[in-house]
Amino acid sequence: LNFDIANAADANTLAFPLVAETTPGLAVSEVTESVDTTGAVTAPISLEANTSAGGVTVAIPAGTILRDAAGNAVTGAINFQVVGIDSDAADDNSVAIADLLPAGLQDATSTDVFSPLAATVVKFTDANGNPITQFSSPITITMRIPSSRDVAEGDTLVLKSYDDDTGLW
């Protein structure tokens with residue numbers, strides 16, 4: 001999110017938590033790569049951010065065209081960032097998954113409160129900080145679920161993703 005506080009009225013208040021990349025239970029992987037003039041990734045891109053009991057791997061195949069929310073191809077330097085979150089971190093200074101989710105653990109259309117097995121943050125932006133939200137071919141996001149969650153191969157899980165633009169799960 002981008003906040004313009006330079007022109008804000010004195011009476012406005014803005015409160016949000018800041019979490020350091022070095023917080024126990026987090027792992028951050030970030031790389032800047034250039035795409036060609038068509039917006040295509042010229043070589044495969046892979047990021048991995050693993051914690052002691054969780055983590056995430058993101059793979060973007062070569063040739064994938066990156067696009068903004070309007071569907072326009074983006075060019076130039078692209079910042080790729082993934083955050084692995086250890087949902088089992090027990091340290092008193094550890095971050096809780098609920099603290100990192102932008103809309104909390106419940107969506108506006110449900111009375112159910114989510115109980116996440118794992119979580120990650122994936123953020124790709126162009127040189128101007130505009131989000132990359134569309135891809136010409138699938139990218140792969142693999143999350144490690146802590147063994148304490150008692151998930152077995154073949155179990156059916158519900159995947160939720162949060163859209164920063166709409167504010168909806």
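The model is predicted, so local features need pLDDT of at least 70 and side-chain atom pairs count only at pLDDT 80 or more, while totals for chains, interfaces and linings use all residues. Residues are numbered from 1 along each chain as its sequence is written, and side-chain values use heavy atoms, with hydrogens and water left out.

**The two sheets**

Strands here are DSSP runs of E with at least two residues, and helices are runs of H or I with at least four residues; both are numbered from the N terminus. Two strands pair if DSSP finds at least two bridges between them. Strands of a sheet pair through backbone hydrogen bonds, either parallel or antiparallel.

β2 and β3 form a hairpin with 4 residues between them. β2 also has two faces: Ile45, Leu47 and Ala49 are on the covered one, and Ser46, Glu48 and Asn50 are on the uncovered one.

Another open sheet of 3 strands has the order β1-β5-β6, again with antiparallel pairing. Its edge strands, β1 and β6, each pair on one side only. The bridges of both sheets include the residue pairs below.

| Residue | Bridge partner | Strand of the partner |
|---|---|---|
| Ser46 | Ala59 | β3 |
| Glu48 | Thr57 | β3 |
| Gly84 | Thr120 | β6 |

In total, 6 bridges join β2 to β3, and 6 bridges join β5 to β6.

**The nonpolar core**

A nonpolar core is a set of buried Ala, Val, Leu, Ile, Met, Phe, Trp, Tyr and Cys residues joined through side-chain atoms within 4.5 Å. Buried means under 20% relative accessible area, exposed means over 50%, and partly exposed lies in between (1.4 Å probe, protein chains only).

The largest nonpolar core has 16 residues, of which Ile60, Leu66, Ile78 and Phe80 touch the most other members. Two or more residues of this core come from each of β1 (26–35), β2 (45–50), β3 (55–60) and β5 (76–85).

Contact means heavy atoms within 4.5 Å. Not counting residues up to four places away in sequence, Ile78 touches Val31, Thr32, Glu33, Val35, Leu66, Thr125, Asp126 and Ile132.

Which strand holds Thr125? Thr125 lies in β6 (residues 120–125). Its relative accessibility is 10%, so Thr125 counts as buried. Apart from neighbours within four places in sequence, Thr125 contacts Ala77, Ile78, Asn79, Asn130, Pro131 and Ile132.

Ser136 is found in the loop between β7 (134–135) and β8. With a relative accessible area of 36%, Ser136 is partly exposed. Leaving aside neighbours within four places in sequence, Ser136 is in contact with Gly63, Thr64, Ile65 and Arg67. Gly63 is 73 residues from Ser136 in sequence, and their C-alpha atoms are 8.6 Å apart in space. A polar atom of the Ser136 side chain lies 2.7 Å from the backbone nitrogen of Ile65.

Methods
A polar contact is a pair of N or O atoms within 3.5 Å; within protein, one must be able to donate a hydrogen and the other to accept it, and residues adjacent in sequence count only if both atoms are side-chain atoms.
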